[in-house]
Amino acid sequence: MNTVLQARPRNFVSTPTLERTTLRALRYLQSGYSIHLKGPAGTGKTTLALHLADLLARPIMLLFGDDEFKTSDLIGNQSGYTRKKVVDNYIHSVMKVEDELRQNWTDSRLTLACREGFTMVYDEFNRSRPEVNNVLLSALEEKLLVLPPSNNRAEYIRVSPHFRAILTSNPEEYCGVHGTQDALQDRLITINMPEPDELAQQQILVQKVGIDSSAALQIVQLVKAFQSSAAPDMVSSLRPSLMIATICHDHGILPLAENADFRDVCSDILLARSKEPAPAATRHLWNLFNRFVVSQATLVNDLTLKPETQPAARLHGEEEHEAPAAPLEASLENLVENEAVDLDAAEGGLVSTEPGESTLTQNQPEPDVAIATPTVATIERPAEVEPAVTTESSSVESSLGDDFETRIFDYLDATGTASLATIEAALGLTRFQVVTALKSMLDQALIEKHEVEGQLTGYQLSSN
């Protein structure tokens, strides 16, 4: 028994580029032609195919190409037998017996779609052998679907005028992919699907994952930079970006290069996608982290304070006035409010060895430790590094933390009440430095939160 789908792709992200592609494809389908979406894996072919099927407002038959497919898997086959035995003893002295054995025919998905006028989405159709797909030729051109000979039914059916086929395929150089026969290619309108641009990937992460727009942009840019430098053969940067964004969003990991948890997630997801030797790929990735540490020291305010400047994409069916995703600032405020970040308790990680320099020690955890001078901070993983964390370096870190608290205390004493972002901008500190110092001061009851109608508006000196 075949299951008919009714697509509801409300998470389809619409950007100007995707809207133009969707409009072109929809025009061809409405004119009676079937289409072929061709492109690398991870470019959104299947999502767009289901979105187009939804716009046609017809039930969907979904197939996936398979090298083991036979023609019967598309059109149907004989399924068991029906036996009929009639015993006639109407005349007492005469016994008449009729015994009939008949094969049962079961329609497969293509036959059902052609007969009922459904939309058939044939995903990665070129993973099926070309001779299997020959049955599509007459259905698309002559509008007749030829069936195997049988005494019990017609040998062909007329294709419904509502029938449409939306096929997707991967490049022929992919493993397990067959070439597409010219006759079938000639009956389809092929649309090449490039990898989504940076804006599209950013908005896909925002809408599908719920991550902040600026944080999504940082992830997309990091993955694309790694792809261009160390993994040019990576089929797509969208899927790894989605993985990183989902994990960061689900577990409250800030997508900043100085965050050890974020670096671990990126390493696990990206390094396996590079064909370079592991040490070379690791070196490329850590060089990117160094670059992003420097750039994010000036971009950290953009993650929380500046309004959106990019044209906003929207979900299919979503109204333009619907509320945008929650800003990243709220997440950072919650880290302080819920005391979820304990940077002072970490050991090892980024250790200050000289004023203005930091190195990453080996064989130790990599906690999120504030960097005293972010404009020159680097994260290095050399081949041979002695794990030397001395008492002197620990005292330097402790004095730096105390200095931040003193500066924040003096600033609050002068201004009265200030928000996290205001303190950050006024004192020229990084977000992690301010978060760490505020948490420590809250623990010591040196400061308290200032709330208006239950909403956190800033921090002030403790009244006790």
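Student: Where does Lys143 lie?
Tutor: Lys143 sits in the loop between H5 and strand S7 (144-146). Keep in mind that this is a predicted model.

Student: What is phi of Lys143 near?
Tutor: Phi of Lys143 is near 60°. That is a positive value in a residue other than glycine.

Student: Why remark on that?
Tutor: Because most residues other than glycine have a negative phi.

Student: Is Lys143 buried or partly exposed?
Tutor: Partly exposed, because its relative accessibility is 34%. The buried class stops under 20%.

Student: Which residues does Ser138 touch?
Tutor: Ser138 touches Lys143, Leu144, Leu145 and Val146. That leaves out residues up to four places away in sequence.

Student: And where is Ser138 found?
Tutor: In helix H5, residues 135-141. Ser138 counts as buried because its relative accessibility is 18%.

Student: New topic. How many salt bridges does the count come to?
Tutor: Three salt bridges. One joins the side chains of Glu124 and Arg127, at 2.5 Å from N to O.

Student: Where is Glu124 found?
Tutor: Glu124 is in the loop between strand S6 (119-123) and H5. Phi of Glu124 is positive too, near 50°. Glu124 counts as partly exposed because its relative accessibility is 24%.

Student: Which side chain meets Arg129 in a salt bridge?
Tutor: That of Glu131, at 2.7 Å from N to O. Arg129 has 26% relative accessibility, so Arg129 counts as partly exposed. Glu131 is partly exposed as well, with a relative accessible area of 43%.

Student: What about Lys439 and Asp443, how far is N to O there?
Tutor: The distance is 3.0 Å in that salt bridge. Both residues lie in helix H15, residues 431-443. They are four residues apart, about one turn of the helix.

Student: Which of them is buried and which is partly exposed?
Tutor: Lys439 is buried, because its relative accessibility is 13%. Asp443 is at 44%, so Asp443 counts as partly exposed.

Student: OK, aromatics. How many aromatic pairs does a search of the whole structure find?
Tutor: Two aromatic pairs. One of them is Trp286 with Phe289, and that pair is edge-to-face. Their centres are 5.6 Å apart, with 85° between the planes.

Student: Which helix do Trp286 and Phe289 lie in?
Tutor: Helix H11, residues 278-299. Trp286 and Phe289 are three residues apart there, about one turn of the helix.

Student: Are they buried or exposed?
Tutor: Trp286 counts as buried because its relative accessibility is 4%. Phe289 is at 0%, so Phe289 counts as buried too.

Student: Now the inside. How many residues has the largest nonpolar core?
Tutor: It has 34 residues. Among those with the most contacts inside the core are Leu205, Ile211, Phe226 and Ile244. Helices H7 (198-209), H8 (213-230), H9 (238-251), H10 (260-270) and H11 each supply at least two residues of this core.

Student: Which helix gives the most?
Tutor: H8, with nine residues. Apart from this core lies another, of 28 residues, including Leu112, Ala139, Leu147 and Leu184.

Student: Last one: the whole chain. How many helices and strands are there?
Tutor: There are 15 helices and 16 strands. Of the 464 residues in the chain, 45% are buried. The chain exposes about 23,800 Å², and carbon and sulfur atoms supply 50% of that.

Terms used. Residues numbered from 1 in each chain as written. Predicted model: local features only at pLDDT ≥ 70, side-chain atom pairs only at ≥ 80, totals over all residues. Heavy atoms only, no water. Buried < 20%, exposed > 50% of the residue type's maximum accessible area, 1.4 Å probe, protein only. Contact = heavy atoms within 4.5 Å. Salt bridge = Lys/Arg side-chain N within 4 Å of Asp/Glu carboxyl O. Phe/Tyr/Trp six-rings, centres within 6.5 Å; stacked < 30°, edge-to-face > 60°. Areas by Shrake-Rupley, 256 points an atom, 1.4 Å probe, with all protein chains shown as cover. Core = buried A, V, L, I, M, F, W, Y, C linked by side-chain atoms within 4.5 Å.
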